[in-house]
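Take a look at the structure first, then read on.

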Amino acid sequence: MPRRRPAPHRRKARGTRESRFAPASEKELAAQSEALRLGLTREELQALGDYYAREGREPTRVELAGLAQSWSEHCSYKSSRPLLKEHFGKLPPDSRVLARGDAGVVALDDEWAYALRIESHNHPSAVEPYGGAATGIGGILRDVLAMGAKPVALVDPLFFGPLQGPHRPLPAGIKPPRYLFENVVAGIRDYGNRVGVPTVAGSVLFDPAYTVNPLVNVGCVGVLPRSRLLPNRATAAGQVLVLVGGRTGRDGIGGVAFASRELTAGSAEESRGAVQLGNPILKEPLIHACLESADRHLIAGMKDLGGGGLATASGELVHAGGFGQDLRLDRVPLREKGLQPWEIWISESQERMILAVEPRKVPALLAIFKRWDVPATPIGQVTAGNRERLFHGRRLVGEMDLAFRLDPPVPVLVRSPPPPAPPEDRPLPPEDLAQAIVEMLGDPNGLSREGIIRLYDHEVQGRTVGKPLVGHAATPTHADAAVLEFPPGGPGGLAVAVGSQPFLCALDPRRGGAAVVEEAAANLYAVGAVPEALTDCLNFGNPGDPTVLGSLDAVLAGMAETAELLNVSIPSGNVSLYNGGLGSAIPPTPVVLAVGRVADVDRVLSSDLKGEGDLLYLLGPNPPGLSGSLFQRRRGGPGGGFAPPAGPGLPRMGRALLDLHAAGALRAAHDVSEGGLAQCLCEMAFGGGLGFEVDLSSLTGAESWVPLFSEGGPRWVLEVPPHAQERVESGLSGLSYARLGTVGGRTGRFRHGPSLFAELDLPGLFPRWQSGFYPAPIPFRGT
Amino acid sequence: MTDGKLPLAILQIEGTNCDEELFRALATLGADPEMVHLKQFEGRDVSRDERRRLGDYRALFLPGGFSAGDYVRAGAVLGARLRGVLGRDLEDFLRSGNLVGGICNGFQALVEIGLLPGRPGGFQVGSPQAALNTNDSDRFECRPTFCRWDGGTFPPLRNSLSPGTVWEIPSAHGEGKLILSGEANATLPELEENGQVLFRWVGPDGQRAGYPWNPNGSVGDVAGITNREGNVFGLMPHPERTFRTRQSFGGRRTEPPDGLGDGGRFLSAIVSYLQRRP
C-alpha cells in the first residue's frame, strides 16, 4: 500500500487526556487501569510506568488498549506458558510436525499435510450462548486457515450444568443450563452448517460443576498441500499488510480481558459488548479467497484476527518475523461511523485476517478478493526494526517497541499440588442391577446424542466415511471417532476423536491428564486408526489459586508422558483460565482433539454389532473401583478407587487391536467410556439391532458387577466372528482380556456363571434412549 | 462436442458449499466440470479470461449450501440473482435441450424462479408455483434417507433404471417440504401424470413410511421433481454424498465398498446420458 502515505510523523505520539498516568502513584495507576478496564496487575502497571519513563512521555489511549490486549492471559499465556514449556517442551523432537502456529501442522505424506487446533469460547458462550458458540467456530476456522489449510472437520466438546433438577435457585446472573445448552447447539448448527464445514465429533457432559461456567470448546482439522503451508509471520520489510474479510465495528471490544477474569453476577450486563457477531456467509468466501491466493503464492504470511483484534494479530505477524510495522488505522473499513482509533485497534469483529503481501503481488490479490466480494484493504507496511507506529489520518496515535508490547512480565505464581483425594471404601452394589443399567441409559449423560448430531451437517464436503452415528439407518448408535477420506485418491483416511476426563482430573490430576489422552487414543483405535497427533484445550480455574496451577502442572505431566508413550505429537493447543466464579470452580477440564491415520477408508471399524453368533471380548484391564464414574455421580457413596495409568500397555493393546482388524478378525469395536461396560454393550447392540449374552464370571480385578459401570481406563468390547476366535486369542495373548460372551437374540442378558441376573429388553429401551434427548427446536436465526 | 469433452458448469456464489464434492464426483465420472462463480457469467469484477458464457456448457448444476446465507428463505437470494444475471440465457440454454439440475439449495432456487415444476410450453423463468417449506420437524436434520424411482420422464433414468429401484441418498436440510401452489400444472396428480416425480422418500425397505424416512413432510413423499420436458431437475437429498458405497450409511454394508454408491449411480446416469447425446 502506502505509496502515497503521508510523510512520517517526526513528533512523538501524544498522550491522551484520559490516559495520563505517568508519573503517578501506584494507587493512581491501579485506578487508571480499572477505569479503562485494562485488567493489568500491579507488576504490569509498574513495568508500564518504567517503559514510559524511559520513553520520556505519556502513553496514548491506543497504546494502552493494545498493550492490555497482548498482555492479557488470553493472548499471552503468561501464567501457563512456563508450565507448557516445562512439560510439552521436553517431548522429543518430532519430524512429522511441519509447523506450530495458529494451528499445528503435521505431515501426512510427501505431498499433503493436515492442521489441527482446539480452543475455548467459554465466557462469551456463558453470556450470549448462540453468538458465543457461533463465533467460537468462526475463530477456530481462521486459526486453521491461517496455516494455508482448508477446514474439513469441526468438533465441539461441551460442558453444561444439569438440564433438570434437583432444582436449586441459580446464582444471580447465571443463565439456566437448558437455555445455554440449546442455544450453544443452535449456534454451532447455524454457523457450522452455513460455512460448509462438517461437524463430525464432539461430546456433551452435564454436571453441576459447570452450572456457573459452561465450557464450549471448538476444534478444527484442516488439510493442505504441503506447498501451500504459510507462516504466521511477515517475511520481509516492505511487505504490505492487507486486512481482509469483515468490516470492523464495536463488537468484541475487550473480549480478551473478559475471558481473562472470573464470571460475576454482572458479567452478562457488563460484557455483552465483548461478544462478537459472526457471519458464516462472509467466512465461506473468505476461505475460498485466502486459499486461492495462497495457491497462487500471493501471500507471504497470514494470521487470523481473534482475541485482541488487529493489535494482537498484526503485531504478532510482524514481530514473529523480526520486523516492525506502520499501520493506518483510518484505512480499516468500518461497519459504523465514529469508531475511535483505540476501538479500531482492539475490536474483535469477526471474519478478518491480516496478510503480509509482497507489494508487486497486491493487485492480483485484491482482484481475487473482489471476485469473491470480500473486502481487502492495504492498511500498512512491514518495517525494519521492531517499532510499531500507528497513524490515524495524519496523526501518530501510537508508537511502541513490539518486543515490550507483546511480551508481558511473567507473573510470579505459586503452584501447589492439590491434596490427594482420600482413599474411598468399596462401592455398594445396586439392589437391582438391571434397573441400574436402565437408569444409566436414561441419564442425560447416557442418552443417545443423535438428537444433537442430526442438527449438524456432518457430511458436507463429502469426506465423512466414518460417521458420528453408525449401525442400521433405523437404529443408529454412537461411533467412537469420525473418519474422513483424505488424501484424495486414497486409500487412507484421517480419524478424528475427542476425549475428556474431568472427574478423574479432580480426583488425581496427573492420572486424569493421562486418562484424557488415553481416552482419545482408545477412541481412535476403536475405528482402526493409529493415533498420531493431538491438540489440547486446557480449561482451568483462576491461576491465582495455587492448587489450580498445581493441578495444571500435574495434568500436563500426565498428558505429556502418555503422548510420549503413544508417540503422539502435540503441535498446538489452547489454555482457558479463570473458568468459575461466584464461589464455584470447574474441575480441571483438559479436552483433547486427536487425529489418527486409517490405512484403508474402505475398512473402517464401527461400533454396531453385526452378526448373530459372533463372540464378544473385553480388551483392557478393569479398573478396581467406580470413583469418578457416572454410576458414582448418580448414586453418590464410595467409589473404591480408579484405574492406574495404562502406561505402555495402551500402545500394546492398540497395536494388537489394529493387527486383528487388519487380519479381518474384528467385526465391531467400541470404547468403554461414560456409563461403563454395560452402556457400551447396549450401544453396540442398539446399533446392530441385535442382542447379547455376557458372563461376568470371566472378569477379574474387582467384584464382578463393578466392571459393568467402571470407567476411566482404556477398554474396548470387540466383536469377533467365530472363525477368528483362535486368531484373536493368540493376538491378545499377554494382554489383559476376557471372553465376555456372544451376540444373539434380541435382549441383553447378563449372567454370572449359571445365574442370570439381568435381562434387558433392548428393542423396548432403544426408542427412549434414542429420542430422550432431542432438544427443542430452535428456529434458524441470523448470526 | 467434437473434442469428446463434456463441459459442465457448477455454479458458485457465497455460501455455496457442496460444490467441491460434486466437482470431484462429476470429474471422476469422466465429465469436465468447472466451478463457475455467478459473477463470471455476469462479467462483473472479473478479468476477461475469467468470463464465461452459459451456452458453452452442456449442463448447469446448482449445488447445495446456504447461498447468501439463506436468511430470508432458502434459495430466495440465489433465485433473485439467477433471474437477474442469467434469466434469458437460462431460457435459451434450456430451449436448446441442455440440462439444469439443482441439489438441495439448488433445488430451492429452481423452485424459486419457477423452472420447477415449470409451466408447459416453454422454459420461462418466472414466478414460483411451489415452495420448499420448513420441515415438519421444524429443524435442520442431517440423516440417511432413501429414494425410490417410480419411473418418469427424466431422460437419464427413463430407459436405464427399473421403476421401484431404491437408492440411498442422504439429506441435510431445514427447508425441504414441497408444497404445491395448486395452479394448473402444479398439482400432485398432474406431476404424477406427467412423469415429473423424480424420487419419493421411502424407508430402507422401499416402502413409503412417513417421518423420519420422509424427513420433511413433503406432499406425496416427493423428494425430487423434474419439469415436464425432463431437462430441469431438482432434488433435496445429496447424491454427491453417496458417490461411493463407502460413504453410505451402515445399512447397506454388505456391498463391496469400492464401487459407486447409489448417489454415484444417479450422477453417472446423468453423465452417460449427456455423453450419449450429440
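## Charged pairs and the chain interface

Let's start with one pair that spans the two chains: K150(A) makes a salt bridge with E20(B), and their closest N and O atoms lie 3.2 Å apart. Please keep in mind that this is a predicted model. The model has an ipTM of 0.95 and a pTM of 0.95. For chain B the pLDDT averages 92, and 96% of the residues score at least 70. Where pLDDT is low, predicted coordinates should not be read in detail.

How many salt bridges cross the interface of chain A and chain B? The rule finds seven of them. It also finds 17 residue pairs in polar contact across this interface, with both residues at pLDDT 80 or more. On the side of chain A that touches chain B, the elements that give two or more residues are α8 (177-195), α11 (280-295), α14 (362-371) and β15 (469-472). Of the contributors, α11(A) gives the most to that side, with five residues. Sorted by class, the side of chain A that touches chain B holds 20 nonpolar, eleven polar and 18 charged residues.

Now for the extent of the contact. Chain A brings 49 residues to it and chain B brings 45 residues. About 3,900 Å² is buried between chain A and chain B, and carbon and sulfur atoms give 53% of that area. Which three residues supply more than any other three of the area that chain A buries against chain B? They are R371(A), R454(A) and D602(A), which supply 17% of it.

Side chains of opposite charge can pair when their charged atoms come close. Over all chains, a search of the whole structure finds 66 salt bridges.

| Salt bridge | Closest N and O atoms |
|---|---|
| K150(A) with E20(B) | 3.2 Å |
| K370(A) with D45(B) | 3.9 Å |
| E439(A) with R634(A) | 3.6 Å |
| R88(B) with E91(B) | 3.9 Å |

Take K370(A) and D45(B), whose closest N and O atoms are 3.9 Å apart. This pair crosses between chains: K370(A) sits in helix α14 of chain A, while D45(B) is in the loop between α2 (38-42) and β3 (59-62) of chain B. D45(B) has 25% relative accessibility, so it counts as partly exposed.

The salt bridge between E439(A) and R634(A) stays within chain A, with the closest N and O atoms 3.6 Å apart. Because E439(A) lies in helix α16 (residues 433-442) and R634(A) in helix α21 (residues 630-635), the pair ties together parts that are 195 residues apart in sequence. Both partners are partly exposed: E439(A) has a relative accessible area of 27%, and R634(A) has 37% relative accessibility.

In chain B, R88(B) forms a salt bridge with E91(B). Why are these two separated by about one helical turn? Because R88(B) and E91(B) are three residues apart in helix α3 (residues 76-95) of chain B.

Elsewhere, salt bridges with shared partners link K370(A), D373(A), K39(B), E42(B), R44(B) and D45(B) into one network.

Notes. Residues numbered from 1 in each chain as written. Chains lettered and ligands numbered in written order. Heavy atoms only, no water. pLDDT = per-residue confidence, 0-100. Contact = heavy atoms within 4.5 Å. Buried area = accessible area lost by both parts, 1.4 Å probe. Salt bridge = Lys/Arg side-chain N within 4 Å of Asp/Glu carboxyl O. Polar contact = N/O pair within 3.5 Å; in protein donor to acceptor, adjacent residues only side chain to side chain. Helix = DSSP H or I, 4+ residues; strand = E, 2+ residues; numbered from the N terminus. Nonpolar A, V, L, I, M, F, W, Y, C, P; charged D, E, K, R; others polar. Buried < 20%, exposed > 50% of the residue type's maximum accessible area, 1.4 Å probe, protein only.
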